[in-house]
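Open the model in your viewer and keep the selection panel at hand. The stops below are given in the order in which to select them.

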Amino acid sequence: MAHISFFSIQRFCCLIGAALLLVPVFLFAQIRTSTPGSGTSPSLRSGTDGLLTIENSQIRVGINTNAGGAITHLTFLDDHGGKVGTRNMVSNPDLGRQIQIGMYGGPLNYSENGNGAWTGLGWNPIQAGDVYGNPAQVVAVAKQENLLYAKTIPKQFAFNNQPGEATIEHWVRLDGNVVKVHVKVTMARSDKTQYESRQQEFPCVYLTGDYHNMWYYSGKTPFTNGDLTLSRIQPPATSMFGDVFPTEPWMASTNDNGYGVGLYLVGNNYEWKRGYFGADLGGDEFSTVASYIAATPRIVLDYNLVHEWDYELILGHLSEIRSRVYSRPKSKPGPNYVFDNSRKGWTLGQAQDTGWPISGKLHVFWDDAVNAKIISPFVFWKGSDNPKIYVRAAFQTPNTKLRLKWRRTDDQVMYGTGDRYMDFPIKNDGQYHTYELDLSQNHNWLDYTIGQIEFVLVSDGPTPGAWSEFAWIATSPDGPSPEVPGEEFLVGTPGAAPCEPDCITVDVQKLQFVRSNRKR
């Protein structure tokens, strides 16, 4: 039984709302700036209705139940000698902004019967609400001394009041000038198709126009305080948006004095987006002008996936933000993947696996061997630090070779040219073997920094029924070494805390999604 308490905003009692049936219509999205027909919840503009905040001596953060429990409030409490404002930094003109989680899956034509402005963006529930101003349904929320918690059924952004067949939970707490957030996404899709991975927004950070300088490091000597890259719109241009691939795992949006917010995704993500919308370089939280940074790892959203991760919002000067990131655990300088309970950021192209949950191996089907591949997350490795790679795998295919391909950090795509791949023999007996990939004489690998790798079968035709299982990929023949553990985030269960006066205990048995009858 879940202990759930209804709450009064004025008294900040711990709330947990019961799950309700959701009746949808249709639509969907991706650069979520204001468009004709978009709207915001009137109560979001009221300032305090639905807003829950916690603060310490340095910063304040708030979530809003009228924006699906997303983070809608973030402020400095000290103006640092007039170098930064103390008003809310989060952009809130509609429910597509905020600091929130955006999920992207298939099919890509999911919105074909919806608003034409959002065609082609696929299945896209987000934490705050939809383009019509309907906030996502918060089914549980709680406030404790240094903790905000919300559980939300997200809305398909471009559809009118359609639930997303998932829940998003986040736990928000403060540590000095850092907002620490733990997130849990639980999928519950009725469509069990395994669609290919897409970039997620885990999270996106929309700030006001004051924070129009977007910084990241993209050089070849990370963690040495090298010169940063500045991305900034040049008025009269009114929009800027696209991918960036930092070689340090963070980005920041700052004002002209270098103060602002850094985003760091725990686990060393190297795939990001940045953008700016509007020619003005200022505006309050309800202005449509906004800066945008997002951690955008590619993830397969299995219909039943449960995915948890942590991110940090670091408030301060650019030097403080970078120093904080430098103090966090760093990833290994080469492949170090064991597929014990997840894909570890690996994705599939023109291929499928057995789906979630992952239990000790990636079982990949190679029916389309000409095009099928498994792809690593974006990384930063020096080839010279990794003269040999070891792969523990089993193969049952008609092919005799597996190809390792790599993308250099300067490459925009995986080119697949002869100077960026190496073939190695495999045994097709269905048994596990440890394969040594000796790159110690390959200067096309050794002399470069590596941004991504992938494996493909060397095949000139379809291979129905072919499969492989990957147990681990590492730089040691003994397998991966344990990752340096990060600081444990004590999630707890806010709803299980003893009820304060006037609380009511509710037994929540099941979340049910009532779908529209439209064809998909």
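Is Phe-223 buried, partly exposed or exposed? Select Phe-223: at 23% relative accessibility it counts as partly exposed, where buried means under 20% relative accessible area, exposed over 50% and partly exposed in between, with a 1.4 Å probe and protein chains only.

Before going on, note that this is a predicted model, in which local features need pLDDT of at least 70, side-chain atom pairs count only at pLDDT 80 or more, and totals for chains, interfaces and linings use all residues. Residues are numbered from 1 along each chain as its sequence is written, and side-chain values use heavy atoms, with hydrogens and water left out.

**Whole chain**

Colour by secondary structure. The chain has 3 helices and 33 strands; helices (H or I, at least four residues) and strands (E, at least two) are DSSP runs numbered from the N terminus. Of the 520 residues, 56% count as buried. The chain exposes about 20,400 Å², with carbon and sulfur atoms supplying 49% of it; accessible areas come from the Shrake-Rupley method with a 1.4 Å probe, and for residues only the protein chains shown count as cover. Among contacts (heavy atoms within 4.5 Å) with a separation of 6 or more, 73% are between residues 24 or more positions apart.

**Backbone exceptions**

Most residues other than glycine have a negative phi, and most peptide bonds are trans. Return to Phe-223, in the loop between β13 and β14: its phi is positive, near 60°. Next select Lys-344, in the loop between β22 (336-338) and β23, where phi is near 55°. Lys-344 is partly exposed, with a relative accessible area of 30%.

For cis peptide bonds, select Pro-235 and Pro-236, which are joined by one with omega about 15°. Pro-236 lies in the loop between β14 (229-231) and β15 (239-244). Then select Trp-356 and Pro-357; the peptide bond between them is cis, with omega near 5°. The loop that holds Pro-357 runs between β24 (352-353) and β25 (362-365).

**Strand β19**

Select residues 290-295. In this strand, β19, 6 of 6 residues are buried. In a regular strand the side chains alternate between the two faces of the sheet. Here Ala-290, Tyr-292 and Ala-294 point one way, while Ser-291, Ile-293 and Ala-295 point the other.

β18 (residues 272-277) pairs with β19 in the antiparallel sense over 6 bridges, and β12 (residues 201-207) runs antiparallel to β19 with 4 bridges; two strands pair if DSSP finds at least two bridges between them.

Now zoom to Ala-294, which has a relative accessible area of 0%. Beyond residues up to four places away in sequence, Ala-294 touches Pro-203, Cys-204, Leu-263, Glu-271, Trp-272 and Lys-273. Its C-alpha atom is separated by 8.6 Å from that of Tyr-206, 88 residues away along the chain.

**Helix α2**

Select residues 318-326. The buried residues of α2 are Leu-318, Ile-321, Arg-322, Arg-324, Val-325 and Tyr-326. An α-helix has 3.6 residues a turn, so residues three or four places apart point the same way. The cover over the buried residues of α2 includes β10 (178-187), β13 (213-216), β16 (250-254), β17 (259-265) and β21 (306-317).

**Pocket and cavities**

What lines the second largest pocket closest to its centre? Select Lys-373, Ile-375, Met-414, Gln-452 and Glu-454, the closest of 30 lining residues. On a 1 Å grid over the protein atoms alone, a pocket is an open set of points with protein on both sides within 12 Å along at least five of seven lines, a cavity is a set where a 1.4 Å probe fits but cannot get out, and lining residues have an atom within 4 Å of a point. The second largest pocket holds about 580 Å³; grid points are joined across faces, edges and corners, and a volume is the space filled by probe spheres set on the points. β32 gives the largest share of the lining, 4 residues.

Finally, find the 2 cavities of 30 Å³ or more. Around the largest, of about 60 Å³, select Phe-245, Pro-246, Thr-247, Tyr-270, Phe-378, Val-379, Arg-407, Thr-409 and Gly-451. The second largest cavity holds about 40 Å³, and its lining includes Tyr-104, Arg-189, Glu-196 and Leu-301.
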